[in-house]
Amino acid sequence: MGFATSQSSMNHQSTQSSATLNGTIAIRFTLNGREVEIAVDPTERLLDTLRYRLNLPGSKEGCGEGECGACTVTIDDLPANSCLVPTFQVRGCNVRTIESIPTSSLQPMLETGATQCGACTPGVVVTANWIKEHSSVLASHTLRALMAGNLCRCTGYDGIIDGLEKWIGNPKGGRP
Amino acid sequence: MIKTDVAPTLAGGPTLIPTDMPTTNRPMNMGQSMDDNTSRLDGVAKITGAAKYSSDMLLPNAVFARFVRCPFGAANLETVDDSAARKVPGVIDIEITPKACTYNGQPVGHVVAESPVAVNRALKALKLNWKKDSVKTSIRDTKQVGLLKGNAPDADVTIRAVYSTPVQTHSSLETHGGVVDHKGDKATVYASTQGTFSVRDGFGDALSLKGSDFEVVCEYVGGGFGSKLGGPGKELMLAAKLSQKLKRPAYVMCNRAEEHLDTGNRPSSVTSVWLSLKKDGSVVGGEVMTYGGVGVANGGGGCNVPSGRYTFANVNKSHEDVSFNAGGPRAFRAPGRPQGAFAEELMLDEAAAELGMDPLALKRKLAIDDVYREMLDQGAKLIGWGERKANGSQTSVMRTGFGVGIAGWGSASPGGNAEVVIHPDGSVESRTGTQDIGTGQRTTMGICTADAIGIPLSMVTVQIGRSSLPPGPGSGGSVTSPTTAPTMMNAATQARTKLFEVLARQGGDNAADFTVKDGVVLKRGEKFLSWKDACAKLPADGVMGSASTGDGGKGNSQGVQFVKVVVDCETGIIYPKHVIAIQSCGRVICRKTAESQIIGGVIQGLSYGMFENRILDRNVGAMVNPNLEWYKILGPCEMPHIEPVLWAHGQTGVKALGEPPTIPTAGALACAVFNAIGAPVRHLPLTPDKVLSALEGARS
Ligand code: FES
Ligand code: FES
């Protein structure tokens with residue numbers, strides 16, 4: 001999806017034919033507990049469907065390439081970068097976004113300074129919430145390792161990890 | 001409430017900060033701020049995803065656009081065939097002007113469509129015929145930079161070296177751009193910006209409206225670090241044009257690749273130096289020649305060495321900016337400083353090694369004042385400098401190193417405005433148009449208002465990030481808090497005085513008889529009325545205080561940073577373990593956001609030191625890593641424990657805090673690596689290949 005790839009087709013040597021797909025795919029899936037029916041272009045990314053068509057802009061686009069985690073959602077109870085998922089692939093799935101996470105439980109993340117500019121934060125919280133709901137993974141992984149797919153340019157991560165430790169009630173953050 | 005004259009309680013305290021210090025409660029920083037415990041006022045909105053950034057302004061009936069950009073460092077766009085692209089369903093218009101381009105990412109036109117999917121498809125369907133030209137991609141393509149000749153006649157030791165730093169891109173998680181919603185006689189501009197008012201003033205005639213007929217809104221900004229200063233930028237200019245033409249909201253946001261290519265960066269640098277010292281460490285002569293790699297720009301590549309933070313006698317400096325085929329620089333957190341500090345700190349460590357001196361002792365001697373010396377002493381204790389081994393004396397695979405660097409920053413306040421309204425229901429509104437780029441502006445404004453009036457913060461609501469509010473400064477040069485905090489406190493004090501005047505008129509008293517403490521109004525020191533009951537006596541629209549501050553004086557901030565690393569000498573990988581960041585910041589308003597600013601500066605410095613590098617293909621001038629995978633920034637697993645230490649020592653006034661903590665980090669890191677492996681790595685980033693070749697060089 002990156003610029004480099006898309007630009008290569010501008011080269012006159014490119015043999016790529018122009019996009020001629022007009023058809024859309026009708027799908028149904030569960031989004032934050034409610035049924036959704038939508039017709040999508042085969043190249044439409046889940047992140048775009050959520051943000052631009054279903055009015056859920058909580059999931060952010062940091063890179064569009066699966067590197068930063070700002071777009072993290074869960075699909076059938078597993079975290080995924082929604083910028084990498086064609087929407088038609090969530091047909092029949094259960095998708096949850098930041099908008100579905102109960103706010104009352106998030107106080108510890110606030111107190112430790114887990115957010116600064118906040119652009120990475122929804123993705124951080126979705127991953128954190130998944131870890132909290134599957135805390136058995138902490139027997140084999142540190143929080144830091146589990147959070148490695150979520151980049152933050154501002155906070156230095158300590159606030160995020162400390163907030164998570166408090167939130168989950170697990171002291172295994174994995175200090176450097 | 002605030003103590004400005006207390007020293008950090010470190011003196012008799014622990015000599016080493018444990019690495020599991022809680023982020024919620026850093027004992028050495030308690031009691032030095034107006035507010036120790038408040039968490040970010042907009043934290044809940046950010047954590048729940050409710051905060052609406054400009055990129056989230058997905059208005060009904062909006063159109064989406066992106067630039068068509070040059071894929072090479074130098075190329076002529078000879079022919080354009082957009083027939084297939086125009087047939088892509090949802091495409092509204094394509095405008096491309098054939099021209100000669102001089103950098104990768106240079107716009108030649110745009111595609112506008114009904115959806116982002118259609119925009120991307122149309123971009124792929126374009127047939128553009130580019131004729132490539134030869135490129136220059138670095139300072140060294142134009143300049144032969146070698147070792148400088150010369151030495152001071154009375155020197156005991158002279159060192160000579162060449163240092164270099166790469167281009168660092170800002171990599172804010174929210175990219176550049178925004179949304180323009182033009183409604184004919186009015187418009188709203190949702191901008192991801194560090195300058196609400198510079199965006200307003202920068203449109204010129206582009207919106208065909210007076211500044212008072214449109215509003216710039218940026219309630220949340222997903223980072224900027226300097227790159228979002230100034231006017232609307234080409235993205236918002238395009239949105240302005242399209243929204244007027246199509247009479248629909250227009251959405252233009254860069255993607256990550258465009259962000260790397262064409263939204264500014266920290267320019268690269270090459271520094272060649274000779275420096276002569278006496279046995280006692282005094283610098284008696286030298287010459288520094290620096291070059292800044294500014295891409296297609298003509299300037300802006302300054303490299304701040306000598307920094308003026310160390311006493312150097314008879315050291316001459318010259319600088320030249322070098323242009324080549326790449327996107328140009330923009331202000332980046334302490335422009336010119338980190339590149340200079342890297343060369344300066346490592347150069348001094350190399351000199352100390354030649355002299356057989358402890359580099360800390362050398363820097364302590366050369367530092368220009370006692371504030372630095374005190375900070376160095378304190379920091380040395382906190383990091384455990386006593387455990388430091390002589391350069392290159394370790395033989396194990398994993399070697400530990402210590403390094404130190406110092407920072408300074410001063411910038412003049414540009415002036416600003418603020419208003420505070422006290423309503424009859426007791427609520428208080430504080431308003432200033434400046435934006436919050438992650439620093440905590442909303443929070444600090446609330447704290448200043450509550451503190452000046454004497455009421456709990458929960459009674460204050462803060463409005464920021466709109467051009468319809470009182471104008472304030474752009475978030476650049478670390479001037480926002482130093483400008484807006486005193487202004488907001490003045491406005492709050494005035495509003496409170498007006499309340500007292502109302503109370504005095506009604507009861508035949510003097511306004512000077514009243515005060516407020518902990519939300520209770522006192523008359524001549526005795527409880528008079530609760531805050532709410534007192535405010536109930538106000539007229540229906542309440543009372544307002546407003547304040548303006550003109551161009552202000554310069555406030556200097558100083559800091560020192562200590563870095564401890566472990567280097568794996570088999571793989572060349574460096575593991576930063578611990579950073580102590582001592583930072584003077586005058587009157588601290590909010591402990592947590594201040595600590596967060598310091599930590600943020602340090603991580604960007606470490607990331608710069610270890611990973612970041614805009615790599616251009618030497619043959620065609622295209623950036624080969626325009627993403628966040630190969631343009632790597634520090635992640636949670638590479639992060640050391642960072643301990644921010646707020647240094648209040650007899651300081652008054654709010655001082656700069658955004659820029660200085662990022663200045664010395666990469667330099668201190670390079671010094672620590674030098675200490676561990678016994679050979680200097682003079683070129684950032686300190687990647688394993690360079691560490692291994694330095695080790696190899698040291699062996700042979
Ligand atoms: S936007 Fe999906 S991982 Fe970065
Ligand atoms: S808070 Fe800014 S990117 Fe994480």
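## A salt bridge inside chain B

Let's start with B:Lys228 and B:Glu174, whose side chains meet in a salt bridge at 3.8 Å, N to O. B:Lys228 sits in the loop between β11 (214–217) and α5 (233–246) of chain B, while B:Glu174 sits in the loop between β8 (157–165) and β9 (177–182), so the pair ties together parts that are 54 residues apart in sequence. Keep in mind that this is a predicted model.

Are these two residues buried or exposed? B:Lys228 has a relative accessibility of 2%, so it counts as buried. B:Glu174 is buried too, because its relative accessible area is 5%, and the cut-off for buried is under 20%.

## More charged pairs in chain B

Side chains of opposite charge can pair when their charged atoms come close. Over all chains, a search of the whole structure turns up 48 salt bridges.

One of them joins the side chains of B:Asp42 and B:Arg442, 2.7 Å from N to O. This one links distant parts of the chain: B:Asp42 is in the loop between β1 and α1 of chain B, B:Arg442 is in helix α10 (residues 441–453), and the two are 400 residues apart. Both B:Asp42 and B:Arg442 are buried.

## Around B:Ser39

B:Ser39 is another residue in the loop between β1 (33–35) and α1 of chain B. Why does B:Ser39 count as buried? Its relative accessibility is 15%, and that is under the 20% cut-off.

What does B:Ser39 touch, leaving aside its neighbours within four places in sequence? The list has residues from chain A, A:Leu110 and A:Glu111, and from chain B, B:Thr443 and B:Lys592. With B:Lys592 there is a polar contact between the side chains, at 2.9 Å. For a sense of distance, B:Gln194 is 155 residues away from B:Ser39 in sequence and 22 Å away in space, C-alpha to C-alpha.

## Where chain B meets chain A

Now for the interface. Here 84 residues of chain B are in contact with 64 residues of chain A. The size of an interface is often given as the accessible area lost when the parts come together. For chain B and chain A that area is about 5,900 Å², with 59% of it on carbon and sulfur atoms. On the chain B side, B:Ile47, B:Leu173 and B:Pro636 lose the most area to chain A, together 14% of what that side buries.

How many salt bridges cross this interface? The count is 4, and there are also 21 residue pairs in polar contact. Several elements of chain B each supply at least two residues to the side touching chain A, among them α1 (43–47), β2 (63–69) and α13 (591–610). The largest share, 8 residues, comes from α13(B). By class, this side of chain B has 41 nonpolar, 26 polar and 17 charged residues.

Two cross-chain pairs are worth a look. A:Arg51 forms a salt bridge with B:Asp56, with the closest N and O atoms 2.8 Å apart. A:Arg153 and B:Glu612 meet in a salt bridge as well, at 2.7 Å from N to O. A:Arg153 lies in the loop between α5 (143–146) and α6 (158–168) of chain A, and B:Glu612 lies in the loop between α13 and β27 of chain B. A:Arg153 and B:Glu612 are both buried.

Chain A has 6 helices and 5 strands, which run α-β-β-α-β-β-β-α-α-α-α along the sequence. Of its 176 residues, 58% count as buried.

Chain A splits into domain 1 (44–99) and domain 2 (101–168). Their contact takes 16 residues from domain 1 and 14 residues from domain 2, and the C-alpha centres of the two domains lie 18 Å apart. The area buried between them is about 1,200 Å², of which carbon and sulfur atoms give 56%. On the domain 1 side, A:Thr72, A:Arg96 and A:Ile98 supply 37% of the buried area, more than any other three residues.

A:Arg96 also forms a salt bridge with A:Glu133, the closest N and O atoms being 3.4 Å apart. Between the two domains the count is 1 salt bridge, along with 7 residue pairs in polar contact.

Note on methods. Residues are numbered from 1 along each chain as its sequence is written. Chains are lettered from A and ligands numbered from 1 in the order in which they are written. This is a predicted model: local features need pLDDT of at least 70, side-chain atom pairs count only at pLDDT 80 or more; totals for chains, interfaces and linings use all residues. Side-chain values use heavy atoms; hydrogens and water are left out. Domain bounds come from an automatic or database domain assignment. Contact means heavy atoms within 4.5 Å. Buried area is the accessible area (1.4 Å probe) that two parts lose on being put together, summed over both. A polar contact is a pair of N or O atoms within 3.5 Å; within protein, one must be able to donate a hydrogen and the other to accept it, and residues adjacent in sequence count only if both atoms are side-chain atoms. Helices (H or I, at least four residues) and strands (E, at least two) are DSSP runs, numbered from the N terminus. Buried means under 20% relative accessible area, exposed over 50%, partly exposed in between (1.4 Å probe, protein chains only). Ala, Val, Leu, Ile, Met, Phe, Trp, Tyr, Cys and Pro count as nonpolar, Asp, Glu, Lys and Arg as charged, and the others, Gly among them, as polar.
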